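Here is a short report on a two-chain model. Look at the coordinates first, then read on.

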Amino acid sequence: MKVRWVAAMLLFGALSVGLLGAAVGGGPGGERERRASVGAGSEWASRAVWACDRRKMVIVEGVRAGEKIPPDRAQQVADLLTSLMRYCSEEITAKIATNQRITVAANGRIYENYVPGGPLPIVKASFGEPTRREKMIWKAELDKLVAEGDRLFHSDELGTNGIACAMCHPSASNTHPETYPKFQAQLKKVALLRDMVNWCILNPLEGEELAYDDDRMRALEAYILARRAGVPLAAGRH
Amino acid sequence: MYRNDMTRKEIERALAERTPESQRLIESLQNCDRRHFLRVSLKYAGMAAAAGIIQPHGFQLVNVAHAATSASEDPDIAFRFAYVSDTHLYARGMSHRFARAALKAVEDVNALEPQPDFVLFGGDLAQLGRPEELALGHQIIKELRAPVRMMVGEHDWYFDLGEKWMSMFGADHYSFDHKGVHFVVLNSVVEKDFWTAKGYTPEERMAIVSGLDDNRQSSFEVGEVQRRWLEKDLSNVVGKTPIVVFSHSPLYKLYKPWNFWTDDAEQVQAILNRFETVSVIHGHTHQVLTNRIGNIYFHGLLSTAWPWPYAPEGLPQYTVQMSRSDPFNQFDGCGDGYVDVRESGRVDKHYSFWSRNPRSVTAQQLASGKFPGGGYDGPSY
């Protein structure tokens, strides 16, 4: 944790973590500000402002430690901290540049031009155990895609002759997705699972091939992989 | 009579002689296997056809995959019956791939010489139980030269609960005697009512049952009504009489999630136990499948439509698995076959694959407990 924190600070050019806070007007109740003697250069300066949860911090460029932040910028800082706190309970560091651009550092990565309230492509779980609610949401999302794949896999709508995938592959058996990619001799090329899915749609089902990024292809792959999760590789058997 | 070691010259000489012996040779030519067929060559096929002795189609490769030994050549074989099973026809005309496959099986069986005593149809004639599908199936089956014994499968049944099927083919369970063997045909795909409470339409009910891995359905069973009938039917049969039972589902418990299963299997087996020689021939599983429980020997049937993978668990140790089918070949893992009933009443089961070597599981192998696979280490795929 400490390593990541230091890395984030270095990325912003902050040379010390001994930051001191100062109250920021307009922020959520209980906010505290700490003062920091940041850097020695005279051509730049910055102040760090912490949110009340002690996990979100904004570095305000162009304001020296001890200096009062102008009201409009102070409001921007408060809004950013509030939105980050609403987003998650994990540690996030942000920077507001003199040109008002916001950069966010989280999970050891940098996200430029962040708009407060916007989504953050960060893996929250990497900070520790996801919450129960998060787990439920993720499972529901996964189940939704797998269920759609299950439906398609058992339906005749991908073909034209009534045949469905599950007629030869009950419970997604004999699909062995764990063996792809591989050179599929009959196709005379290296095949991904989706190439074989398309082959089956085209031939036994006499349907039309799906685009690789077709939602139905994603759903079929999701179903097959989910059903075969945990099936051990058996070399020489496939 | 044709022998595998005959040279071209010998065949040529025999054909030229036009004696009764050469006539038999010509007739037996169609039983030569693929490798020897090449040696015989089309020239002689043409000669035989020109002589009007046999139909030219007898020389097509589709026929020569059958075993070279005919029933009449082995004095221990009392009679032979053939089978076609699990055609799963859609009402989409004769050009649909499943209709073409069913016709292929009919051609195979019609090319058997001598003809089998009868042909068992192993169930699942239709895919969705529609009257049009059953009618198409009826039309195809009518092409068989030998008499047909029909058995019902779940795909024939759950659209109208057997109404159309029975109006076409008669009772769903019956028995008959043939050359000293007592044959019993069961409807083993009876399911407890899962549809009324849920308000499923006939189409929905059929769609659910037609999904092998659809767990909204119940399990297959023979049911009390037929068990009582079976007891009564067998009450006049002495224990030494060989019994052959046809059931669509395997009459034992293999894998419940796919209904490779009969819920009251133990009770049915208990009724059959007092007979010394019992064979059960079942459809539904679309694969080489062998089992033995005491005196009861079980054999599966090939489908003409598609092969099923083996179930992930529960495979009997008597089964020597067929290897995984080539998905790029529609006919691989599919086919038809026949059953030789020996004088003892025990049966040899022959699987006539369409694109691989034929396989046989003999009564002798099962009786000895020695089988070529040497045990079971889980499904191959």
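How many helices and strands does the secondary structure of chain A come to? Five helices and seven strands. Helices (H or I, at least four residues) and strands (E, at least two) are DSSP runs, numbered from the N terminus. Along the sequence, chain A reads α-β-β-α-β-β-β-α-β-β-α-α.

This is a predicted model: local features need pLDDT of at least 70, side-chain atom pairs count only at pLDDT 80 or more, and totals for chains, interfaces and linings use all residues. Residues are numbered from 1 along each chain as its sequence is written, while chains are lettered from A and ligands numbered from 1 in the order in which they are written.

**Chain A**

Of the 238 residues in chain A, 29% are buried. Buried means that 20 or more other C-beta atoms lie within 10 Å of the residue's own; exposed means 12 or fewer, partly exposed is in between, and C-beta atoms are placed from the backbone. Take contacts in chain A between residues at least 6 apart in sequence: 45% join residues at least 24 apart. A contact requires C-beta atoms, placed from the backbone, within 7 Å.

Helix α4 of chain A (residues 193–202) is largely enclosed by the rest of the structure, because seven of its 10 residues are buried. Among them are A:Leu193, A:Met196, A:Val197 and A:Ile201. The buried residues also include A:Arg194 and A:Asn198. Their cover includes β6 (182–184), β7 (189–191) and α5 (215–228) of chain A.

**Between the chains**

Contacts link 14 residues of chain A with 18 residues of chain B. The chain A side divides into four nonpolar, nine polar and one charged. Here Ala, Val, Leu, Ile, Met, Phe, Trp, Tyr, Cys and Pro count as nonpolar, Asp, Glu, Lys and Arg as charged, and the others, Gly among them, as polar.

**Sheet and helix in chain B**

An open sheet of six strands in chain B runs β4-β5-β6-β7-β9-β8, with mixed pairing. Strands β4 (174–178) and β8 (290–293) of chain B each have a single partner, so one side of each lacks a neighbour in the sheet. Pairing needs at least two DSSP bridges between two strands. Inside this chain, B:Val184 has B:Val245 in β6(B) as its bridge partner.

Helix α10 of chain B (residues 223–234) has 12 residues and should span 16 Å at 1.5 Å a residue; its end C-alpha atoms are 16 Å apart, which agrees. The expected span is 1.5 Å times one less than the number of residues. Buried in α10(B) are B:Gly223, B:Gln226 and B:Leu230. These fall within an arc of 45 degrees down the axis, so they line one face of the helix. The arc is that of the directions from the helix axis to the C-beta atoms. The buried residues of α10(B) pack against β5 and α11 (265–272) of chain B. The face turned away carries exposed residues, including B:Glu224, B:Arg228 and B:Lys232.

**Around β11 of chain B**

Seven of the seven residues of β11(B) (residues 347–353) are buried. B:Val347, B:Lys349, B:Tyr351 and B:Phe353 point one way, and B:Asp348, B:His350 and B:Ser352 the other. Pairings from chain B are tabulated below.

| Strands | Sense | Bridges |
|---|---|---|
| β5(B), β6(B) | parallel | four |
| β10(B), β11(B) | antiparallel | seven |
| β11(B), β12(B) | antiparallel | three |

B:Val339 stands opposite B:Lys349, and B:His350 stands opposite B:Ser360. The hairpin of β10(B) and β11(B) has four residues between the strands, and B:Gly345 there takes a positive phi near 95 degrees. Five residues make the hairpin link from β11(B) to β12(B).

Definitions and conventions. Two residues are in contact if their C-beta atoms, placed from the backbone, lie within 7 Å.
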